[in-house]
Protein chains: 2
Amino acid sequence: MGLESLRINGLRLKYAMEEMSKIGAIAGGGVQRLSLSDEDKEARDLFVHWLKELNLDITIDEIGNVFGKRPGRYPDLPPVMSGSHLDSQPKGGRFDGTLGVLGALEVFRTIEENNIETNRTLTIVNWTNEEGTRFSPVMSGSGVWVGALEKEWMYNRTDTEGKRFVNELIRIGYRGNVPSRSSEIHSYFEYHIEQGPILEKACKTIGVPKGIVGIHCSDIYIKGETNHVGPTPMEGRHNALCAAAEMILKVDELPAKMGGNMVATSGEIHNRPNSRNTIPDDVHFTIDMRAWEDDLIQKGFEDLKNSFEEIAQKRGCPVRIEETLSVPHAEFDQKLVQNVFRVSENLGYPGQHMLSGAVHDAGYITQIAPAAMIFVPSIGGRSHVEIEDTTWTDCEAGANVLLHCMLQSASVL
Amino acid sequence: MGLESLRINGLRLKYAMEEMSKIGAIAGGGVQRLSLSDEDKEARDLFVHWLKELNLDITIDEIGNVFGKRPGRYPDLPPVMSGSHLDSQPKGGRFDGTLGVLGALEVFRTIEENNIETNRTLTIVNWTNEEGTRFSPVMSGSGVWVGALEKEWMYNRTDTEGKRFVNELIRIGYRGNVPSRSSEIHSYFEYHIEQGPILEKACKTIGVPKGIVGIHCSDIYIKGETNHVGPTPMEGRHNALCAAAEMILKVDELPAKMGGNMVATSGEIHNRPNSRNTIPDDVHFTIDMRAWEDDLIQKGFEDLKNSFEEIAQKRGCPVRIEETLSVPHAEFDQKLVQNVFRVSENLGYPGQHMLSGAVHDAGYITQIAPAAMIFVPSIGGRSHVEIEDTTWTDCEAGANVLLHCMLQSASVL
């Protein structure tokens, strides 16, 4: 059998997806597998169990990234790598991240059952904490691995209950002893759902992003003065929640003001003491800004800082602005991108050049190696929500593209 | 010894306050004794223990109100009652409510140790859930007792974790078997800290409110559409948190628009899924409006409803508005108010006529009996905050006023 006619097993991929979806399953068809939670541990355990079935060489690094290697004919050559993440949003979907990990797993299973020997080693990876919901910032596993984030700094990040990242990593048994430091890799492919409406609207099966937009995350802390809502006159109040409300609207208005393809969102807010009859004095909210043009983000952030200072001054509510993450836009390797597109078309799947508005571990990988991504359509463009969905036909298509991209790269000497 | 020269024991009151403050003590000198929590139970247990030391006749009603009776010479005459509440805000102060309960306790102790026989029975009370923070609405114990709130409706109210009021009441062992139904009372006095800046500014020791402002509470629920913050264009978003931000600012602007002495506040907000990289689709926030003029509140509420509908329409985020509580302003009994003022002046404490901007159980009591309140200054006008404070000298003064008001009323045949 010529390798061109090789296909993954769509039913086996569906079965693996369904098994994984049971872990942290929530109403509405979604999952809740927050990073380093019990559910994350259970998902990792199942993943490791599947890697062992394939006799892969498993390593876990200090930040909890899990790697499985299938040696090639020339084990000294840099490997071809693929993977994504198993952690989820608080009310996340079944496909986000998981499809990339289990799609790669299905590729490994297909290669193994066909006894295919590749020139290069193949590596599958599950990155730690891509979502960044429980512990910010996002993509901390790949960020540490490529050297963009400090391991010790990440270890000391805390969740809203004050639990330290490193303690939770140890608690679930996934702080490995291998240093988290990137080794040379030949090429990296990440298979993912699109999480946006473009492919569905264009009636295309495979999205081929040329890169990932830049992302800037910050945390805003506002101090007010708490008091009883009844006897305290309106005049002279320092209401931190009102200051936050004004600022959140500035964030929402920013993209229209800046132009370009920018998006900006405040997704998270913590209000204290959060009592209906007490003036709030302690508010923390988040900002997420994204654009292809890095300077647009920087200008936008400066604009927000100025507005926030004015609001803080006016309301007598001092504001502290903490930049949590700033990653410039990432361009994928042009040759790999062309390969993904060509492989898709050869397999009979219409491809679509695009940009990724979501960030992915693949963005960090571009800092050390050629990388590319493979997208499949999100029904209704919905993601980060329980009803996130992709047809099994599309899931199978994306995994076939991944299979042939990996085989091609792994054959290169 | 003539009764006029009788004084409470200030040190004993201070000691009782300090003992009670240890229950649910939090950093900054405050307390957290949310209604029907373990801390509320502990506070109630200590209170009951103290009532037993005085050999009072203790009853606990179906809503958890705790009464202690000291029979008078003519036990068939309606009693003189005093009390307040032992539950607190999430980050509350030591004095709010507690001073009124333990001030009354000190009055009972003083009367007991001096073997004073009063014509009328004296009753001390600790009302259930005055704060309304964990279970809304506020003042549910006294509200049910006077018939303004339905017991069964209150039983089914839930906290943010979905726990039912009645189950928590049973859990802490304070669902009594006595029907919660007001009996005839001669007069009701509630001793409380002012919780505002008026007495301090006026350099007066005793505040004598002529009544309590009206209060209107509502809960606002907004539905949006969640999605990933990256690939989802700004155009066409239905961001429930942005809709809430606009509405919260409308609440803040309302008093200036309406005139009068209105105050309006959004103190509590719950944002879901509350993830930094997900558009919020489910927001709940609260409104608390107060004014002496009941029609101002009604007009203000209509105005808000119109604004909210416009905002909901514009952002494609349907809004549901639930009125949780509407209590008209309460006028205290003019004779009792005059008595409080005269007693204060006779004891050498400068008195100040005023309004209560905070609501109190005394407001509900006006619906069934003559009532009045006694205020002492709040340092810096601060309340509902850990650093809430009142000097021990002022605490003693207020308790002496309460002592003589109660003795006077209890002597009336």
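Visitor: What should I know before I start?
Guide: This is a predicted model: local features need pLDDT of at least 70, side-chain atom pairs count only at pLDDT 80 or more, and totals for chains, interfaces and linings use all residues. Residues are numbered from 1 along each chain as its sequence is written, while chains are lettered from A and ligands numbered from 1 in the order in which they are written.

Visitor: How are the two copies related?
Guide: Two copies of a chain are related by a rotation about an axis and a shift along it. Copies are superposed by least squares on the C-alpha atoms of residues with pLDDT of at least 70 in both. Here, a rotation of 180 degrees with 0.0 Å of shift along the axis puts chain B on chain A, with an RMSD of 0.0 Å. That is the relation of a two-fold axis.

Visitor: Which residue of chain B comes closest to the rotation axis?
Guide: Ala245(B) does, with its C-alpha at 2.2 Å.

Visitor: What does a nonpolar core look like here?
Guide: In soluble globular proteins, nonpolar side chains tend to be buried together. A residue is buried if 20 or more other C-beta atoms lie within 10 Å of its own, exposed if 12 or fewer, and partly exposed in between, with C-beta atoms placed from the backbone. A nonpolar core is a set of buried Ala, Val, Leu, Ile, Met, Phe, Trp, Tyr and Cys residues joined through C-beta atoms within 7 Å. The largest one has 231 residues. Among those with the most contacts inside it are Leu402(A) and Met406(A). Leu402(A) touches residues including Phe189(A), Tyr191(A) and Ile374(A).

Visitor: Where does helix H12 of chain A run, and how far does it reach?
Guide: H12(A) covers residues 392-411 and reaches 29 Å from its first C-alpha to its last. The expected span is 1.5 Å times one less than the number of residues. Of the 20 residues, 16 are buried, so H12(A) is largely enclosed by the rest of the structure.

Visitor: Is His384(B) buried or exposed?
Guide: His384(B) is buried, with 31 other C-beta atoms within 10 Å. The residue sits in the loop between strand E14 (371-376) and helix H12 (392-411) of chain B. Its phi is positive, about 60 degrees, although His384(B) is not a glycine.

Visitor: And Asn115(A): buried or exposed?
Guide: Asn115(A) counts as exposed, with 6 C-beta neighbours inside 10 Å. Its phi is also positive, near 50 degrees. Asn115(A) lies in the loop between helix H3 (98-113) and strand E4 (122-126) of chain A.

Visitor: Which residues does a cis peptide bond join in chain A?
Guide: Arg272(A) and Pro273(A), with omega about 0 degrees. Pro273(A) lies in the loop between strands E9 (269-272) and E10 (282-291) of chain A.

Terms used. Contact = placed C-beta atoms within 7 Å. Helix = DSSP H or I, 4+ residues; strand = E, 2+ residues; numbered from the N terminus. Lists of a residue's contacts leave out its neighbours within four places in sequence.
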